[in-house]
Amino acid sequence: MYGVDLSLFQFHGQLTWAAFFLNADRTIYGRYGSRSPHRGMKDNDKDISPEGFKKALEGALELHQAYPANKSALAGKTGPAPGAKTPEQYPAAASFNPQPAEKTGGKGCIHCHQTQDFELMSAKRAGQPIADRLVWTYPMPDLLGLSLDGRERATVTAAAAGSAAEKAGFKAGDRILTMEGQPILSIADVQWVLHTSKEPGAVKAEIERGGKKTEFTLTLAEGWRRKLPFAESLSIGWVTRQQVAGMRCDALPPAEKEKLGLAADALALKVMDLSPDFVKDRNPSAKKIGLQKNDVLVEVDGRKTAMSESEFLAYLLQKKGKGEKAELVYRRGEKTEKVQLDLP
């Protein structure tokens, strides 16, 4: 990604590959390439296929044949100006010292996923607010209960019971024609609309069902992106654990909480392991303050209600400023201790 124009090529970096359908004047007809982070390695290709790619290509040709009469409908497929013209110009890239691949033999080049890392870390270092869209990036429609067929052109396979998709009116077999007025060719196009949408908010969709067109409104509730585990949403999920929290935690189930005399809705994050001190000037002091494996965090800055590891990491990243401390209370057997975690 060294030198790539980010005003044009904005896409989910956590992919094996991604494709853009472009007009020569830089108008974007659509995107292709998706992968649900929570799926295992064996079914990473569930959301892409030669059949689905061919149908998206055919859709792009249809848009090209109708161009430029449809240019205004395609305007939303190009995003707002990014924080840097190219990935290496993000301030956070400086410590990585990226170089063109031809100078390093590919060993110091910028990978796709690092572009999103640089954007988020640059905003954090500058003290800017960390919006959910920078953390839970390019969300899959599954988070709204909307499942799409990777072999078809943006065709619904299911709308989960009680989900935002079902409440909007989506049903299996529906083909999504447009969202927010943008022509939809693939799951990636749906992700783009969701990624750039405000929350709370709503997305208008036009669908085709049984040869007839219908309009639905998909409601986006506050915090809907957070259903995806934080450490699975970004390539820096593992870095965040090490450099922000300094530990990996799992939320205890109600039965385990009961054994500790805690309420079902109480905060209880069990320390599963502590990060190695391989970057001593960046890692927080989880080890230095005495935390050990199997300790149970029961309070974070006065908060005692349940939170997942994802919520814990997001809180540290989004709410705590550079150099601040987080006050933690943990249980170790019958012992309760209060410590302060230094944040980098």
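A cavity is a set of points, on a 1 Å grid over the protein atoms alone, where a 1.4 Å probe fits but cannot get out; lining residues have an atom within 4 Å of a point. Grid points are joined across faces, edges and corners, and a volume is the space filled by probe spheres set on the points. The model is predicted: local features need pLDDT of at least 70, side-chain atom pairs count only at pLDDT 80 or more, and totals for chains, interfaces and linings use all residues. Residues are numbered from 1 along each chain as its sequence is written, and side-chain values use heavy atoms, without hydrogens and water.

The whole structure holds 3 cavities of 30 Å³ or more. The volume of the largest cavity is about 80 Å³. Its lining comprises 13 residues; Phe11, His12, Arg31, Gly33 and Ala188 lie nearest the centre. Strand 1 (19–22), strand 2 (28–32) and helix 7 (187–196) each give two or more residues to this lining. Helices (H or I, at least four residues) and strands (E, at least two) are DSSP runs, numbered from the N terminus. Helix 7 supplies the largest share, 3 residues. The lining of the largest cavity has 9 nonpolar residues (Ala, Val, Leu, Ile, Met, Phe, Trp, Tyr, Cys and Pro), 3 polar and 1 charged (Asp, Glu, Lys and Arg), the others, Gly among them, counting as polar.

An open, antiparallel sheet is built from 4 strands in the order 6-5-7-8. Strand 6 (182–183) and strand 8 (212–220) are its edges, each pairing on one side only. Pairing requires at least two DSSP bridges between two strands. Strand 5 (residues 175–179) meets strand 6 in the antiparallel sense over 2 bridges. Opposite Thr178 stands Pro183 of strand 6.

Notes: 1 Å grid on protein atoms, 1.4 Å probe; cavity = no way out; pocket = protein on both sides within 12 Å on 5 of 7 lines; lining within 4 Å.
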